[in-house]
Amino acid sequence: MPTTQIRTKKRKATSVPAPGAAKNKIKPAPGICIGNGVSAEERDTLIARAAYFRAEKRGFAPGCELQDWVEAEAEVVRLIAAA
């Protein structure tokens with residue numbers, strides 16, 4: 001989840017969700033299996049690769065990055081569940 005840093009008086013920087021970030025989305029800690037022996041880190045890597053290939057297929061035209069990621073995530077989750 002993207003975060004931004006906010007400094008307050010006499011306090012350390014605090015991480016808060018960036019505007020538009022999904023709320024209440026809990027991600028497993030790296031290395032913890034999330035299903036069918038796939039760790040959260042491996043899952044995220046698979047999603048990133050799938051999103052990259054989607055962007056490459058459309059010529060890396062700007063403006064569709066989120067759609068690429070969401071579609072790649074759905075595809076990876078479906079493939080993991082089917083394994």
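These legends describe close-up views of a predicted model.

**View 1. Helix α1, residues 40–57, from end to end.** Helix α1 has 18 residues.

View 2. The buried residues of α1 are A40, R43, I47, A50, A51 and A55. They cover an arc of only 140° around the axis, which means that they sit on the same side of α1. An α-helix has 3.6 residues a turn, so residues three or four places apart point the same way. On the other side of α1, the residues R49, F53 and K57 are exposed.

**View 3. The largest nonpolar core.** Seven residues make up this core: V38, I47, A50, A51, A72, V76 and I80. Helices α1 and α2 (65–82) are the elements that give two or more residues to the core.

**View 4. A50 in helix α1.** Which residues does A50 contact, leaving aside its neighbours within four places in sequence? The contacts are A72, E75 and V76. A50 has a relative accessible area of 14%; the cut-off for buried is under 20%, so A50 counts as buried. Between the C-alpha atoms of A50 and E71 the distance is 8.7 Å, although the two residues are 21 residues apart in sequence.

**View 5. A72 in helix α2.** A72 is buried, and its relative accessible area is 0%. Not counting residues up to four places away in sequence, A72 touches I47, A50, A51 and R54. A72 and Y52 are 20 residues apart in sequence, and their C-alpha atoms are 8.8 Å apart in space. A72 and A50 both belong to the largest nonpolar core.

View 6. G59 follows α1 and has a positive phi, near 75°. F60 is found in the loop between α1 and α2. Its phi is also positive, near 55°, and F60 is a residue other than glycine.

Conventions
Residues are numbered from 1 along each chain as its sequence is written. This is a predicted model: local features need pLDDT of at least 70, side-chain atom pairs count only at pLDDT 80 or more; totals for chains, interfaces and linings use all residues. Side-chain values use heavy atoms; hydrogens and water are left out. Helices (H or I, at least four residues) and strands (E, at least two) are DSSP runs, numbered from the N terminus. The expected span of a helix is 1.5 Å times one less than its number of residues. Buried means under 20% relative accessible area, exposed over 50%, partly exposed in between (1.4 Å probe, protein chains only). The arc is that of the directions from the helix axis to the C-beta atoms. A nonpolar core is a set of buried Ala, Val, Leu, Ile, Met, Phe, Trp, Tyr and Cys residues joined through side-chain atoms within 4.5 Å. Contact means heavy atoms within 4.5 Å.
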